[in-house]
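Let us walk through this protein step by step. Start with the picture, then follow the text.

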Amino acid sequence: MPDLHALCCGRLRFDRSVFFPGEAPGALATVPVPAWLVRHPKGILLFDTGIECAAAADPVGVLGKGISSTFAMAGAAHENPVDQLALLGLRPEDITHVVNSHLHFDHCGCNALFTRARFLVQRAEMVAARAAPRVYPARAWDHALDYQLIEGEHDVFGDGTVLLLPTPGHTPGHQSMRVQVARDACFIATADACYSEEHLQRDLLPGAVWQADTMRESMQRLRRWGEQAGTTLLFGHDAAQFARLGPAHKPLL
Ligand SMILES: [Zn+2]
Ligand SMILES: [Zn+2]
């Protein structure tokens with residue numbers, strides 16, 4: 001069985017109303033930007049690559065005025081994929097597979113570091129990114145990398161333990177990942193298909209939505225999966241849950 005690790009690849013601070021559109025502006029939220037590392041006998045997979053490291057020093061230059069006026073970079077210096085992988089004794093060149101849940105700046109910002117990996121991205125997401133460079137800054141994802149465009153559910157290692165599950169709505173080609181870590185235990189990294197437990201419980205959609213009905217359906221599917229015995233949802237940007245997961249080198253179970 002593979003094991004799964006939580007890596008902190010930055011933190012974002014912003015007005016809570018960005019995540020909870022019904023709320024009056026004025027309260028700040030700080031959330032983690034996770035990446036998830038899977039060690040499988042057939043490969044080492046990273047699900048999402050966080051925010052580009054250079055954004056901490058030059059947010060406007062790296063992310064553009066629009067994104068950097070909404071989001072402040074609030075991560076510590078070691079909260080980046082290179083330092084987090086080092087906690088596991090790994091370097092970027094050890095990664096054989098990268099999955100991007102979607103191509104927003106906080107999920108693919110360090111893609112360029114993983115020059116030896118095969119990238120698994122939903123075709124609909126790549127089409128959307130190419131069509132809207134203001135929403136999907138090209139410097140994060142538009143590199144000569146081994147992008148393999150997939151359509152629909154995908155069994156990464158062919159044994160059912162690491163499944164990519166389309167969860168569109170937040171973006172056109174958003175995907176989540178299910179990892180079986182024991183016979184009776186699995187995790188589903190929702191990514192931005194569900195930002196936090198609070199969003200799930202209150203059935204709330206954030207401001208950043210491509211298609212609200214589609215996102216609601218995806219969230220409903222995640223809810224049903226999460227209710228199955230032995231299944232734990234790992235939310236996309238949930239500060240309280242992430243704080244309980246422990247450091248990168250500790251496998252989740
Ligand atoms: Zn997103
Ligand atoms: Zn995000």
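A residue counts as buried when its relative accessible area is under 20%, as exposed when it is over 50%, and as partly exposed in between. Take Arg 202. Its relative accessibility is 45%, so Arg 202 counts as partly exposed. Keep these cut-offs in mind for what follows. Note also that this is a predicted model.

Now look at the whole. The protein has nine helices and 12 strands. Along the principal axes, the C-alpha atoms fill a box of roughly 45 × 35 × 35 Å.

What share of the 253 residues is buried? The figure is 53%. Take the contacts in the protein with a separation of 6 or more: 66% of them join residues 24 or more positions apart. The accessible surface comes to about 10900 Å². Carbon and sulfur atoms own 52% of that surface.

Next, zoom in on one residue of the interior. Phe 105 lies in helix α4, which spans residues 105-108. Is Phe 105 buried or exposed? Its relative accessible area is 7%, under the 20% cut-off, so Phe 105 is buried. Which residues does Phe 105 touch, leaving aside those up to four places away in sequence? They are Leu 12, Gly 50, Ile 51, Leu 63, Ile 67, Phe 71 and Met 73. Consider Leu 63 from that list. Leu 63 and Phe 105 are 42 residues apart along the chain, yet 7.5 Å separates their C-alpha atoms.

Turn now to charge. The protein carries 22 positive and 27 negative side chains. The centres of the two sets lie 1 Å apart. Side chains of opposite charge can pair when their charged atoms come close. How many salt bridges does a search of the whole structure find? It finds 12.

One of them joins Glu 198 and Arg 16, with the closest N and O atoms 3.5 Å apart. Glu 198 sits in helix α7 (residues 197-202) and Arg 16 in helix α1 (residues 16-19), so this pair ties together parts that are 182 residues apart in sequence. Glu 198 is partly exposed, at 29% relative accessible area. Arg 16 is also partly exposed, at 22%.

Arg 202 returns here. Arg 202 forms a salt bridge with Glu 23, and the closest N and O atoms are 4.0 Å apart. This pair also links distant parts of the chain. Arg 202 is in helix α7, while Glu 23 is in the loop between α1 and β2. They are 179 residues apart. Glu 23 has a relative accessible area of 26%, so Glu 23 is partly exposed.

Finish with one more pair. The side chains of Asp 203 and Arg 223 meet in a salt bridge, at 3.5 Å from N to O. Asp 203 lies in the loop between α7 and α8, and Arg 223 in helix α8, 20 residues apart. Asp 203 is partly exposed, with a relative accessibility of 35%. Arg 223 has a relative accessible area of 18%, which is under 20%, so Arg 223 is buried.

Technical notes: Residues are numbered from 1 along each chain as its sequence is written. Chains are lettered from A and ligands numbered from 1 in the order in which they are written. This is a predicted model: local features need pLDDT of at least 70, side-chain atom pairs count only at pLDDT 80 or more; totals for chains, interfaces and linings use all residues. Side-chain values use heavy atoms; hydrogens and water are left out. Helices (H or I, at least four residues) and strands (E, at least two) are DSSP runs, numbered from the N terminus. Buried means under 20% relative accessible area, exposed over 50%, partly exposed in between (1.4 Å probe, protein chains only). Contact means heavy atoms within 4.5 Å. Accessible areas come from the Shrake-Rupley method with a 1.4 Å probe; for residues, only the protein chains shown count as cover. Lys and Arg count as positive and Asp and Glu as negative; His and the chain ends are not counted. The place of a charge is taken as NZ of Lys, CZ of Arg, CG of Asp or CD of Glu.
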